[in-house]
Amino acid sequence: MGDEMHAEEVDVRQALTELFEIELRVAGETPNLVQIKDREKFFEFLAGQPNSSTWIWKDESGKPVGYLTLIDKPEESVLEVLAIRVDNGMRSSGYGKQMMEFAEKRAEELGRGTVMLATHPDNAKALGFYKHLGYSIARRAENYYGDGTPRYILEKSLRERHPK
Ligand SMILES: CC(C)(COP(=O)(O)OP(=O)(O)OC[C@H]1O[C@@H](n2cnc3c(N)ncnc32)[C@H](O)[C@@H]1OP(=O)(O)O)[C@@H](O)C(=O)NCCC(=O)NCCS
């Protein structure tokens with residue numbers, strides 16, 4: 001089932017309506033997600049940083065199941081997962097794991113040593129998911145997304161997984 005999934009890189013401006021609809025649905029069910037109610041602020045969030053890329057995930061029938069935004073930070077040898085969203089009703093089916101595996105593969109292709117991301121300390125589902133996939137809390141940041149709420153910064157070192 002999940003093997004037929006595919007990721008399509010999108011232009012955030014062109015796909016903004018589709019992305020924003022997913023975001024509003026997911027944020028409605030995930031109170032500890034960064035809450036962005038304004039379309040242009042959402043555009044800035046996804047596309048406002050250098051080296052960002054956004055991917056919409058589709059199932060075998062072409063139906064969108066979620067999206068993933070990555071930011072490459074070559075100077076730190078880090079690939080950041082800025083946003084990972086599996087749409088309502090589609091969670092716990094392995095899609096999120098496929099997205100994270102995609103991010104890690106991309107980090108390796110780019111030669112980055114670490115995948116990092118930020119998540120709210122109360123987002124228990126996400127924290128359990130990341131820990132299950134080998135991520136650990138590196139530090140706490142008080143205002144990472146500028147929304148006045150704290151985040152845990154989680155990291156996974158890819159070099160430890162594949163020692164040379
Ligand atoms: C967090 C999120 C991306 C996870 O995606 P998902 O599709 O629901 O997760 P998956 O089904 O791929 O889970 C993958 C694995 O993690 C495990 N897992 C998931 N949540 C877990 C939890 N809370 N504790 C322990 N393990 C967990 C699953 O059991 C599965 O394990 P397996 O591969 O060994 O069978 C998804 O729930 C989501 O979009 N949530 C709303 C938005 C959000 O919070 N995003 C993260 C913001 S930082």
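Author: In the largest nonpolar core, which has 29 residues, Leu68, Met99 and Ala103 touch the most other members. This is a predicted model, in which local features need pLDDT of at least 70 and side-chain atom pairs count only at pLDDT 80 or more, while totals for chains, interfaces and linings use all residues. Residues are numbered from 1 along each chain as its sequence is written.

Reader: Why is this set of residues called a nonpolar core?

Author: The name applies because the members are buried Ala, Val, Leu, Ile, Met, Phe, Trp, Tyr and Cys residues joined through C-beta atoms within 7 Å, where buried requires 20 or more other C-beta atoms within 10 Å of a residue's own, these atoms being placed from the backbone. Leu68 is in contact with Trp55, Trp57, Ala83, Ile84, Met99, Phe102 and Ala103, leaving aside its neighbours within four places in sequence.

Reader: What makes strand 3 and strand 4 a pair?

Author: Two strands pair if DSSP finds at least two bridges between them; strand 3 and strand 4 have eight, in the antiparallel sense, and therefore meet the criterion. One of the bridges joins Asp72 to Leu79 in strand 4.

Terms used
Buried ≥ 20, exposed ≤ 12 C-beta atoms within 10 Å, placed from the backbone. Contact = placed C-beta atoms within 7 Å. Helix = DSSP H or I, 4+ residues; strand = E, 2+ residues; numbered from the N terminus.
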